[in-house]
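Let's take a walk through this model together.

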Amino acid sequence: MVTIRKPRSTEGLVRFESVTKQYGKKFAVENLSFEIATGEVIGFLGPNGAGKTTAMRILAGYFSPTSGRVVLDGVDLFREPQKAKKHIGYLPEVVRLYPDMRVREYLRYVAELKGIKPKNMPMEIEEKISLCGLAEVEHRLIGRLSKGFRQRVGLAQALIGDPSVLILDEPTTGLDPKQISEIRALIRELGKRRAVILSTHILPEVSMICNRVIMLHQGKVLASGTVRELESCLKDREAIFVTVPGMQYQETAERILSGISDVENVRVVEHHENEIRFCLETAQARDLRPEITELFVVNKIPVLEIRRDQLTLEEIFLKLLKDGWFQQRIESGEKGKE
Amino acid sequence: MKKIFAIARKEFGSFFHSWTGVMTTVMFFTVTGIFFVILSLNFAQISMDPRIAGLSSFPNISQTHYVFGSLFLNLNVILLFLVPLITMRSFAEERKHETLELLFTYPLTDLEIVAGKLLGLIWFFEMLLVPLAGYALVFYRVGGELDWGPVLSAFLGFWALGVAYLSVGVFVSTLTKSSVMSAVGTFGILVIFWMMDFAPTMGGGGMSVFVNAMSPLRHFRNFTYGILDLRDLVYFAFFFFYFLFLSLRSIETRNWKES
C-alpha cells in the first residue's frame with residue numbers, strides 16, 4: 001500500500017493525537033484527539049474540571065501528557081519543544097505577571113526569552129503595545145495596573161513573536177463590558193491568520209467569536225461542531241428565576257414549581273438575607289410566568305420577582321449530558337462515518 | 001545563552017525592585033566591615049602585648065593569615081544566613097505568583113531557566129565580594145604585610161563556597177511556594193553541612209572519613225591557607241552541579257505531579 005503524505009497546508013496546524021493526562025488513577029484528559037486549522041477560532045466548552053485548562057496547558061507546552069502526541073505545524077511539541085513553542089502564544093486563566101516590573105520592561109524580557117532578534121525588538125514591542133492599547137501605561141508597574149490592563153499585558157506577551165497558535169484561557173473574565181467587546185474584536189481579528197483556541201463560560205461569546213466548538217466533559221471530547229449546530233439544539237431551552245421572601249415559603253414554593261408540567265431541575269440558586277431565588281428550566285415554546293404567578297397567588301406566596309432568562313452554558317451543558325444528547329450525536333456521527 | 005543572560009539580568013535586577021537586595025547588601029557590608037576592623041585591631045594588640053593572648057612571646061604569625069584567614073573563616077558563618085536570604089525568592093516567589101507557568105510555555109529549556117536564575121544570584125553574590133577586595137586594599141595602604149597569594153586563594157575559595165551554597169538554596173526554593181519555608185529549609189541544610197566540620201577525624205572509621213570528605217569547610221579551609229588543590233575545586237564543582245541537577249529534577253515534577 002502506498003501512503004501519500006498530505007501536503008502540509010491541508011493538515012491541521014494543531015493536531016492532538018489521543019492525548020491523555022493522568023494523575024494517579026484520575027484522568028484529567030482522556031484520549032483527546034482533534035485538529036485545528038489556520039483561520040479557525042475554536043471554543044473549548046465544558047464545566048469546571050472538564051479538562052479545558054489541562055488540555056490548554058498541554059498545548060502550551062507547560063507540562064507533557066502521560067501519553068499521546070501534540071503536533072504543531074508538523075513539529076512534535078514534546079520531541080522538539082524549543083522549535084514548536086515558538087509557534088505558541090499562551091494567555092493563562094489568571095494572568096500572573098511580575099508585579100515589580102514595568103510594562104515595557106516586562107514585554108522586552110518576554111521578547112528576549114522568546115528569542116526575538118535584537119534588531120527587531122523595538123518594533124516588535126512597539127507594535128504589541130499599540131495593538132493591545134498599552135501606550136498610556138507602558139512605564140507603570142504591572143502590580144499597580146487595573147485588571148483590564150493586566151489582561152491586556154497578558155495578551156501582549158502572548159502575541160510577542162507573532163505565534164501562529166494562540167491559546168486563550170477565559171480571556172474575557174473579569175473585564176468590564178467595554179473591554180470585553182474590545183478584546184472580542186481583537187480575537188476575531190487575530191483569528192483570521194492564526195489558529196485560536198479559547199475557553200469560556202459565556203455562551204453568547206462562543207457564537208460571537210468562535211467558528212467551531214469542542215465540548216469537553218470529564219476529560220473527553222463529547223461533541224465538536226460548528227456554533228450553529230450547537231445553537232440549534234440549545235435554543236429551545238430557557239430558565240425562569242422566581243424570587244420569594246422568607247424561608248417559610250421555600251418548601252411550598254419548591255413543591256408548586258416542581259408540580260408544573262414541562263418544568264425540570266427546580267433548585268435554589270441564591271439565599272440572600274430573607275430572599276430565596278429559585279431557578280427552573282423549561283422549554284421555550286410556552287411562557288410559564290402567568291401560570292406560576294397564578295399558582296403562587298392561590299397559595300398566598302408573595303412573589304418579589306419573576307424573570308425569564310437564557311440558561312447559562314453550564315446548565316445547558318449538564319442538561320444535555322443528562323438527556324444523552326451527546327450520546328446520540330456521537331452515535332449518529334459514527335454511523336455517518338461508516 | 002542569550003536567554004540565560006536575559007533571565008539572569010531580570011533575577012539580578014529584581015533584588016533592587018524591593019528592599020531585600022538593599023538590606024542584604026547593607027547588612028553584609030556592615031558585618032564584614034566590623035569583622036575586618038576587629039581582627040586588624042586584635043592583631044595589633046597581640047603584636048604589642050602577646051601575653052593577653054596567653055602567648056609568652058610573639059611568634060612569627062603572618063599578618064595576612066591572622067586577619068584575612070580569620071575573616072574568611074568567620075564569613076562562612078555569615079554565609080549560612082546570607083545565602084538563604086539571596087535564594088529564598090528565586091523559585092518560591094515565582095511559584096507563589098504563578099509566573100512560572102508562563103515561563104515554561106516560552107521556548108526555553110528547564111536548564112536555561114535554572115541556569116539563568118543561578119547566574120543572576122551569583123552576580124549578586126559577586127557584587128557583595130567587591131567591598132572585601134576593598135578591605136584588602138585598605139590593609140595594604142595602611143602598611144600591612146599583605147601576602148597576595150593566600151588572600152586571592154581565600155577569595156576564590158569563598159566564591160566557590162558561596163556559589164555551591166547558592167545552588168543548594170535554589171534547589172530548596174524550587175520545592176516550596178513560600179519564601180520563608182525556602183529560607184528556613186536552606187538554612188537547615190547549610191547548617192548540617194557546616195556541622196560536618198566538627199566531626200572528629202580520629203578513629204578513621206568509614207563514617208568519619210566520609211563526613212570529613214563531605215564537609216565543605218574542610219575543603220574551604222585549604223583555600224584560606226593559600227593551598228590550591230584540584231580536589232577542593234572538583235569538590236565544589238560537584239557540589240554545585242549536584243544541586244543544580246536536583247533543581248532540574250524538581251521543576252520537572254510539574255509533568256506528573258498535580259499542582
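A polar contact here is a pair of N or O atoms within 3.5 Å; within protein, one must be able to donate a hydrogen and the other to accept it, and residues adjacent in sequence count only if both atoms are side-chain atoms. By that rule, 12 residue pairs, both at pLDDT 80 or more, are in polar contact across the interface of chain A and chain B. This is a predicted model, where local features need pLDDT of at least 70, side-chain atom pairs count only at pLDDT 80 or more, and totals for chains, interfaces and linings use all residues. Residues are numbered from 1 along each chain as its sequence is written, chains are lettered from A and ligands numbered from 1 in the order in which they are written, and side-chain values use heavy atoms, with hydrogens and water left out.

The interface also holds three salt bridges (a side-chain nitrogen of Lys or Arg within 4 Å of a carboxyl oxygen of Asp or Glu). One of them pairs B:R9 with A:E112, whose closest N and O atoms are 3.1 Å apart.

Now look at A:R212, which sits in strand β9 (residues 212–217) of chain A; strands (E, at least two residues) are DSSP runs, numbered from the N terminus. A:R212 counts as buried because its relative accessibility is 16%, the cut-off being under 20% (1.4 Å probe, protein chains only). Its side chain places a polar atom 2.6 Å from the backbone oxygen of A:E35, and a polar contact of 2.7 Å links the side chains of A:R212 and A:E40.

How values were computed: Helix = DSSP H or I, 4+ residues; strand = E, 2+ residues; numbered from the N terminus. Buried < 20%, exposed > 50% of the residue type's maximum accessible area, 1.4 Å probe, protein only.
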